[in-house]
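This note is intended for a colleague who is meeting the structure for the first time. The points below are numbered so that each may be checked in turn.

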Amino acid sequence: MKVVGVDIGGTNTELAVVDSNDGILKIRAFKTKSSNSFLQYIDDLSCQIKELTLDYSIDSIGIGAPNFDSKAQTFCPVNFPWDDLKPFNLKAHLQRLLNIPTFLINDANASAMAENRYGAGKKFKDFLIITVGTGLGGGIIINNQLFEGAFGYAGELGHTKIEGLDRQCNCGGMGCLETVVSANGIKKSYAINMKEIKSSVQTQIPSVKTIFDMAKNGDKRCKTVLNFTFEKLGQKMADFIHIVNPEAIIFCGNIAKSMECYLPIISGFCEEQLLDDFKGKIHFGISELLDDKMNVLGPASLAFSKAEELVS
Ligand SMILES: [Zn+2]
């Protein structure tokens with residue numbers, strides 16, 4: 001069985017032909033913002049998918065899209081630079097154009113689909129995916145099925161609140177978890193720490209990678225910032241665990257790789273908050289798929305699941 005997996009990202013759009021036995025057969029990418037308007041982008045994307053499918057018999061197309069509303073079947077990439085943005089039904093458009101069953105998924109949930117088919121899903125039936133990158137996203141897998149919720153937005157763990165935290169979030173809310181646990185959150189914590197220690201001579205805020213590297217080399221401030229970040233994450237994880245009762249929490253996203261040595265802090269603070277029935281039973285791990293084109297494998301996993309449903 002062959003499918004196409006598409007990842008609509010803010011910087012790049014990536015698309016791949018994926019075979020159920022042999023993995024990725026062909027992959028290509030283009031700059032999302034190279035299109036002048038949203039409708040132009042839809043045309044460009046449609047052409048790219050069409051070209052990619054010419055040499056193969058494709059059973060299904062899966063697309064990871066930002067702000068996808070599963071009930072209305074529309075997506076609208078609100079942070080993208082075009083003036084003509086409006087909710088668009090890409091599924092109907094592509095099915096008309098290519099005559100191939102097409103399915104969309106919220107981009108955060110796409111990672112959970114990849115993890116379920118290719119990664120942690122091999123070991124666990126019930127688990128949470130936490131994507132730590134520019135922001136913080138989540139995906140919920142229950143009994144090896146993605147739990148999407150009524151409109152496809154389930155798992156917005158980044159916008160659950162930390163008590164007493166007065167940081168403004170991009171969503172308009174106050175004290176969201178992602179204002180601490182994300183690339184932007186870590187930089188913000190560093191900046192606040194700099195202000196608090198007035199003797200500081202350093203004025204530049206380093207990159208997140210540098211903060212992790214400096215912490216490794218013993219830099220006190222970076223260690224304080226990262227310990228604070230993962231203490232908050234650990235405490236908040238306990239809330240999610242009490243609600244979902246998963247076997248495992250798997251971290252993915254740009255920052256996940258650097259998080260390995262902080263897992264004991266996360267699990268430690270989490271365990272402290274857990275009810276006795278939950279204690280000592282949860283596996284905390286880093287995704288093993290981080291280098292494996294998870295961004296296209298997620299939507300491809302959706303396409304495989306849907307195509308398998310169609311033939312069964
Ligand atoms: Zn928020």
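1. Leaving aside its neighbours within four places in sequence, with which residues is L45 in contact? The model is a predicted one, and in it L45 is in contact with V6, I8, T13, F30 and L90, once those sequence neighbours are set aside. L45 is part of helix α1. Its relative accessible area is 1%, under the 20% limit, and L45 is therefore buried.

2. The domain division deserves attention next. The protein chain is split into domain 1, made of the segments 2-111 and 292-311, and domain 2, which covers 124-286. Between the centres of the two domains, taken over C-alpha atoms, the distance is 28 Å. Contact between them involves 11 residues of domain 1 and 12 residues of domain 2.

3. At least two residues of the lining of the second largest pocket come from each of β7 (102-106), α3 (107-118), β10 (145-146) and α8 (294-311). Helix α8 supplies the largest share, 5 residues. Sorted by class, the lining of this pocket has 7 nonpolar, 7 polar and 5 charged residues.

4. How many salt bridges does a search of the whole structure find? The search finds 8.

5. D19 and K2 form a salt bridge in which the closest N and O atoms are 3.2 Å apart. This pair links distant parts of the chain, with D19 in strand β2 (residues 12-19) and K2 in strand β1 (residues 2-8), 17 residues apart. D19 has a relative accessible area of 7% and is therefore buried, whereas K2, at 24%, is partly exposed.

6. A salt bridge also joins the side chains of E14 and K293, at 2.8 Å from N to O. Distant parts of the chain are linked here: E14 belongs to strand β2, K293 to the loop between β12 (283-286) and α8, and 279 residues separate the two. Is E14 buried or exposed? With a relative accessible area of 13%, E14 is buried. K293, at 37% relative accessibility, counts as partly exposed.

7. Which residue forms a salt bridge with R28? The partner is E51, and the closest N and O atoms of the pair are 3.1 Å apart. R28 is in strand β3 (residues 23-31) and E51 in helix α1 (residues 38-53), so that the pair links distant parts of the chain, 23 residues apart. R28 counts as partly exposed because its relative accessibility is 25%. E51, with a relative accessible area of 44%, is partly exposed.

Definitions and conventions. Residues are numbered from 1 along each chain as its sequence is written. This is a predicted model: local features need pLDDT of at least 70, side-chain atom pairs count only at pLDDT 80 or more; totals for chains, interfaces and linings use all residues. Side-chain values use heavy atoms; hydrogens and water are left out. Helices (H or I, at least four residues) and strands (E, at least two) are DSSP runs, numbered from the N terminus. Ala, Val, Leu, Ile, Met, Phe, Trp, Tyr, Cys and Pro count as nonpolar, Asp, Glu, Lys and Arg as charged, and the others, Gly among them, as polar. A salt bridge is a side-chain nitrogen of Lys or Arg within 4 Å of a carboxyl oxygen of Asp or Glu. Buried means under 20% relative accessible area, exposed over 50%, partly exposed in between (1.4 Å probe, protein chains only). Domain bounds come from an automatic or database domain assignment. Contact means heavy atoms within 4.5 Å.
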